[in-house]
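Below is a briefing on a structure, arranged by topic. Please read it beside the sequence and the coordinates.

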Amino acid sequence: MTALLEPATEALPVAGLPLTAAQSGMWFAQALDPQSPAQNTAECIEIHGPVEPRLFARALRRVAGEADALRVRLAETAEGPRQLPLALGSDDPADPARFPFEEYDLRGAADPDATARARMREDLARPFDLAAGPLFQHALFRVADERRLWFQRVHHAVMDGFGYSLLARRTAEVYTALAAGDEPGPSPFGRLTDLVAEDAAYRSSQAYETDRAHWNAAFADRPEAVNLAGRTALPSRTFHRRTAHIGAELSDRLKELAAGVRATWPEVLIAAQALYLSRATHTEEVVLGLPMMGRMGSAALRIPGMVMNVLPLRLTVAPHATFAELTRQVVLGIRAARKHQRYRYEEIRRDLGLLGEGRALVGPLVNVMPFDYGLTFAGAPSTAHNLSAGPVDDLTVNIYDRADGSGLRIDHDGNPALYKEHELGVHQRRFLALLARIAAADPHEPLARHGICTGAERALVLDEFNATARDVPPTTLIGPIEAQAARTPDAPALVFDGSTLTYGELNARANRLAWHLAELGVRPGALAAVAVPRSLDLVVALLAVAKAGGAYLPLDPDYPAERLAHMVEDARPAVVIADTAARVPAGVGVPAVVLQGLDVSGELPVNPPRALTPQHPAYVIYTSGSTGRPKGVVVPHGAIDNRLRWMQAEYPLGPGDRVLQKTPSGFDVSVWEFFWALRVGATIVMAAPGGHKDPAYLARTIREQAVTTCHFVPSMLQVFLAEPGAADCTGLRRVFCSGEALPRETVQEFGRTLPEVELHNLYGPTEAAVDVTYHPCDTRPAVAGPVPIGKPVWNTRLYVLDAALQPCPPGVPGELHLAGVQLATAYLGRPALTASRFVADPYGPAGSRMYRTGDLARWTEHGEIEYLGRTDHQVKLRGLRIELGEIETELAAREGITGACVLVREDRPGDQRLVGYVTGPHAEAFDADAVRDRLAQTLPDYMVPGALVVLDDFPLSPNGKLDRKALPAPAQAATGTGRAPRDPREETLTRLFAEVLGQDRLSVGMDDGFFDLGGTSLLAARLVRRIRDTLGADLAIGALFQAQTPAALAAQLDAGLGNDAVLRTLLPLRTAGSRTPLFVFHPAGGLSWCYSGLLARLDPDQPVYGLQARGLLAEADAHLPASMAEMAADYVRELRTVQPHGPYRLLGWSVGGVVAHTVAVLLQEAGEEVELLSLLDAYPSDQWQDQAVPAEADALTALLRMAGYERTDELTRDDVLATLHREGSALAGLSDTTLTAVVDIVVNNAHLMRAHRHRRFDGDVLFFTAAAPRPEHWLTPDSWRPYIGGTLTEHAIDCLHPHLTQAPHLDEIVDVLSRRLKELDR
Amino acid sequence: MTAGPGPFDQPTGERGQAPTHLVLRNMRAEHSLWPAHTPGPEGWRVTHGPAPYEECAAHIEGAAATA
């Protein structure tokens, strides 16, 4: 049977029609993922009453016959994608073009409705084949005698929501007529041809140009469209849906509210969604997506098809504005958008250049459908249910009015790649609660009245998470220390540089100084500045100030004098305590107490009396200030006492514990390092001044001083963990981190390095007594995700507040505010600044204050805080707090600079540095170094930008603000003269610079500053480590700050090691390390550089010293030794300056082996033990005695070999030198005098070898043979037998003699050697 | 995130000169700047404003100087 569509309408043109712009978007999306069902739209109309299925099917066929858009397939043709006519008619199931209608009677099913829904879901998951068609599907489910579900699914490329309503209405009309036996009226639909023509006409019209101009102007600044997920994702094939209903009462109230502010209820709901989005994302400006009908003319209003569009609605949600005002913005915004609604969403994105960036134009969509069909089918009433409104990129809030007066239905549809189902539920619950509060409130009150927490969430974040009340006695910082000193006067209190003070001694010394200070006016409420470097005296001074009742003001000796002078002038302390007179800031007119030479023996050693209360200030610490001057934070005793009591309760410290004091006194972490241990009977171990920057020193100190407790800023912890000695710090019990975000990778690295040690993450600003949150880190590798800063400490409340000071629910970012006993009193002498940072607390006891941190944070569901970043321009660089404004102010104050901007760049991953941008000076005339030198006079070194860039103008965003993202990365080009390295060490230094900076070696000149080349202090640590490993120089990182160029650094090394240190008899290849040193003896040429390959291969804890020939330096008293014995005796003297007594470890290659053997014999004869003698392819003198002494020619060959070349046609010394220069060899940097000396040494050594008479070494020999065939086939290790008392163990290495000290052969050697060294270490 | 000026910052543009802030004072004679759009918390009373941000800041400096 062939049932024709009734009535047969005019067919589309055979060649079909082009797609409209709206269709093209959908077609393209489907083409990208042909198997995706995401473009399916579907609805279900529930019909309550009798339905005659045969008539219903007839009605459907008739309507399909009237609606052109349903009778097409979309195929790619030579002219692009087109909609082609599709014949539909047959009911034959085998006919591919049969009419897509199914009928099911589910009355027999256990749950007919559920079964029907499952069938619908199955169908909805089926993608259409656009090129084949048909592009719709009907089904009628009988779920009860008198109830049926009409399901229809249509591809979005041919139908939109408004089209659905036209189809449903016409279907009801046709069915009703057919059921009554009447002929349905003529089709009300317009033709698809007209729709396509209208679309084409629009696109070539003036209106199109006007619309384009409108949208381009409205979004010229390309606002960031935030969404609730905080990230974007590709569209998924499906979506999650959460459905809720708003009852009649609330929806009526919302409608009344809308009427009251001259708006419609959909506009009120859109305003409410904007408010929710703004608060949930901590963003004042939001962009919502509004699906719009897109039908402007009356023709389109009669055509079922795909026309709809999504348009951006940009809204500013300011806390001071009222809800009525926000609604007004919505009304006006929609009005403007509606005028330009035919311009496509995809085109706006394209015009703004957002397509390529994958950036969103809009956040969530709010799809309000203020129409219900309210249809009846031959008298049977019906209800419509949307099942899918099309693809969900992010989040769509669909809102339907229900015509039966039962209220509104709200669907939250979310992209599963961005939202979990329960998260949608959470957003929905909060949104509904917000709607209820809005409906109950006066719309003319500020939006600040509204928060987005539900009642339960509010109680959770304000009260439950902050249940930290704890009774503490009203004590001070110092009281418990004096009590402890009385309890354990003989216990060690303080260790520094080999000296120890007991509690009794420390207390007495501090008391004597305290009495003296009290006489000078240090009393409760008064300040005493302390300018003393890390030492016993520093702690004595701090205690003395507290004992006298005063508050201490640390003056970090590393700060520039100008800055220290400013602090003293600002704080007006009663006295300045300094170790030396030179340390007292000049010209500040404050009495000085100079400890050097101060005699307080006449003062009493007993505790002085004082009227000190917990409210009195304990210390004042200066922090960076945004307006260009640092500010003093006044912290009272009660605050820091609470902090220390909490810490002791959480991490009990006892007499066996030793706390490392390494933080400079100007940073408040030092406060617990100074005072905690002394309150509980533990011991403070003080690091050397500057030691806190040197990971090797720290690892050594922690090990040697049995430190159990210490602190690291996370970036320094990374540096420390990279230090080979870190893994041996197993005496540690706990490590604290604070100061900046702690990366998960660092926590995991910590777990790998020190698996038995606890790691705790703490957080707090100076303004709240060091730390206010804590989190024990799980260092196991399986744990992922950000490391929280944790829960509040005792008597401390944390609030995460939105821009209206309303609490944020868990997961929602806001500014972190702190309240409770740990708050500072004030910024010294800055009442307005104090009143703007320490503000009234709306959630605490009456009249209490909270401190706003400027940190962006959020609660986890478990009551911990996660740190997210800053809300302002304050930055943390390696734990150091920096107000960029302070640096900008300093820069702008320099002559010729008209504008300044400073930011932290991360042009290489993990490598953050400060870069300054200035306008005004001419780029060529600008002396960056001079400006940086000037900055360094007022700013601490960590605040001086590593690079300065001159700009003609600052880049501005379209709305006229400074566009920080558009500031260029500073050029990495070499800034110096490009002078080439002159000697091997200089060459090594430039190579290491380049390596660490990730640059080409040739781009680094001898006079290029490390920091100018993009170096940071993290990279500096790496560089120093590499220099140490490669050159064996024990260099402090601080040295790099004073000597930034390879040239200057080379000079520094000289200063440390003596001039031409690399040519001295004793060459310290690596001085660091706790093992017995290994002494290595030069081969024929007299230089021991060939052993540098050992350094990277041996344990880093193994010191190595080279012995080199006399005569390399043009020293007056230098002469070549006359015998091997004389040479060996000389070397014994040298090595004894490093290691006065045995057991000794000796190694020599070639001639060096003979020397080593001779040295070993001499040492044994002197009564010393030699526990290792290792010879690398060395043979006793009698093997050579018949051989001719090498001529100069042979010496030249040897010299070239030392540089790694085989001699070809070089005849003379000059030829050889030319080759070395041409090849850029390190040896070429040696002076001609030295090269000449090398040749002489080679010849002399050949003579000595032949003349030597070996004595017997009473011990074992570890021997490595170069086993490749060679001309001197007679050489055998057995020739040593007469000269060895013990056994000789031979290891054959498959290479020639000259290659023994090169990779990979050296690997084999060190393998064996390391095992032997390890055995000896046991 | 593009948060505007916070509730305790000086507003930008024209609002910078608008009466946006209050000065509050508690029993301990501590001051707090406060956004005029929100009532001051319990235990604090308004001693100045609504007034422009800078005027409030100047008022606090003045109050401290005479205290």
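The model is predicted. Chain A is divided into six numbered domains, from domain 1 (17-196) to domain 6 (1061-1183 + 1253-1321). Chain B has 67 residues, of which 42% are buried. Three cavities of 30 Å³ or more turn up in a search of the whole structure.

**Domains of chain A**

- Domain 1 takes in residues 17-196, and domain 2 is made of two segments, 221-380 and 390-461.
- Domain 3 covers 479-693, domain 4 covers 795-870 and domain 5 covers 874-966.
- Domain 6 is again written as two segments, 1061-1183 and 1253-1321.
- Between the C-alpha centres of domain 1 and domain 3 of chain A the distance is 82 Å.

**Chain B**

- Chain B contains one helix and three strands, and the order from the N terminus is β-β-β-α.
- The C-alpha trace of chain B spans about 35 × 25 × 20 Å along its principal axes.
- An unreviewed UniProt entry annotates residues 6-62 of chain B as "domain: MbtH-like".
- That span, residues 6-62 of chain B, is 18% helix and 30% strand, and its end C-alpha atoms lie 24 Å apart.
- B:Ala29 sits in the loop between β1 (21-25) and β2 (31-35) of chain B.
- The phi of B:Ala29 is positive, about 65°, although the residue is not a glycine.
- B:Ala29 has a relative accessible area of 41%, so it counts as partly exposed.

**Helix α26 of chain A**

- Helix α26 of chain A has 14 residues, 984-997, and should span 20 Å at 1.5 Å a residue; the end C-alpha atoms are 20 Å apart, in agreement.
- Because twelve of the 14 residues are buried, α26(A) is largely enclosed by the rest of the structure.
- The buried set includes the charged residues A:Arg985, A:Glu986 and A:Glu987.
- Also among the buried residues are A:Leu989, A:Leu992, A:Phe993, A:Val996 and A:Leu997.

**Helix α15 of chain A**

- Helix α15 of chain A runs over residues 503-519; its 17 residues should span 24 Å at 1.5 Å a residue, and the end C-alpha atoms, 24 Å apart, agree with this.
- Buried residues of α15(A) include A:Tyr503, A:Leu506, A:Leu513, A:His516 and A:Leu517.
- After α15(A) comes A:Gly521, with a positive phi near 100°.

**Largest cavity**

- The largest cavity holds about 50 Å³ of space.
- Its lining consists of A:Leu60, A:Val63, A:Ala64, A:Leu70, A:His138, A:Trp150, A:Gln152, A:Leu167 and A:Thr171.
- At least two lining residues of the largest cavity come from each of α2 (53-66), β7 (147-155) and α4 (161-179) of chain A.
- α2(A) gives the largest share of this lining, three residues.
- Six of the lining residues are nonpolar and three are polar, with no charged residues.

**Cis peptide bonds in chain A**

- The bond from A:Gly133 to A:Pro134 is cis, with omega near -10°; A:Pro134 lies in the loop between α3 (112-124) and β6 (136-144) of chain A.
- The bond from A:Gly1142 to A:Pro1143 is also cis, with omega near 5°; A:Pro1143 is in the loop between α31 (1124-1138) and β45 (1144-1149) of chain A.

**Loop residues on either side of α20 of chain A**

- A:Lys693 belongs to the loop between β25 (683-686) and α20 (695-704) of chain A.
- With a relative accessible area of 27%, A:Lys693 is partly exposed.
- A:Lys693 and A:Phe720 are separated by 27 residues in sequence, and their C-alpha atoms are 9.4 Å apart.
- A:Ala706 is placed in the loop between α20 and β26 (709-712) of chain A.
- A:Ala706 is not a glycine, yet its phi is positive, near 50°.
- A:Ala706 counts as partly exposed, at 42% relative accessibility.

Terms used: Residues are numbered from 1 along each chain as its sequence is written. Chains are lettered from A and ligands numbered from 1 in the order in which they are written. This is a predicted model: local features need pLDDT of at least 70, side-chain atom pairs count only at pLDDT 80 or more; totals for chains, interfaces and linings use all residues. Side-chain values use heavy atoms; hydrogens and water are left out. Helices (H or I, at least four residues) and strands (E, at least two) are DSSP runs, numbered from the N terminus. The expected span of a helix is 1.5 Å times one less than its number of residues. Buried means under 20% relative accessible area, exposed over 50%, partly exposed in between (1.4 Å probe, protein chains only). On a 1 Å grid over the protein atoms alone, a cavity is a set of points where a 1.4 Å probe fits but cannot get out, and a pocket is an open set with protein on both sides within 12 Å along at least five of seven lines; lining residues have an atom within 4 Å of a point. Grid points are joined across faces, edges and corners, and a volume is the space filled by probe spheres set on the points. UniProt positions are given in the numbering used here, feature names are shortened, and annotations may be inferred rather than shown by experiment. Domain bounds come from an automatic or database domain assignment.
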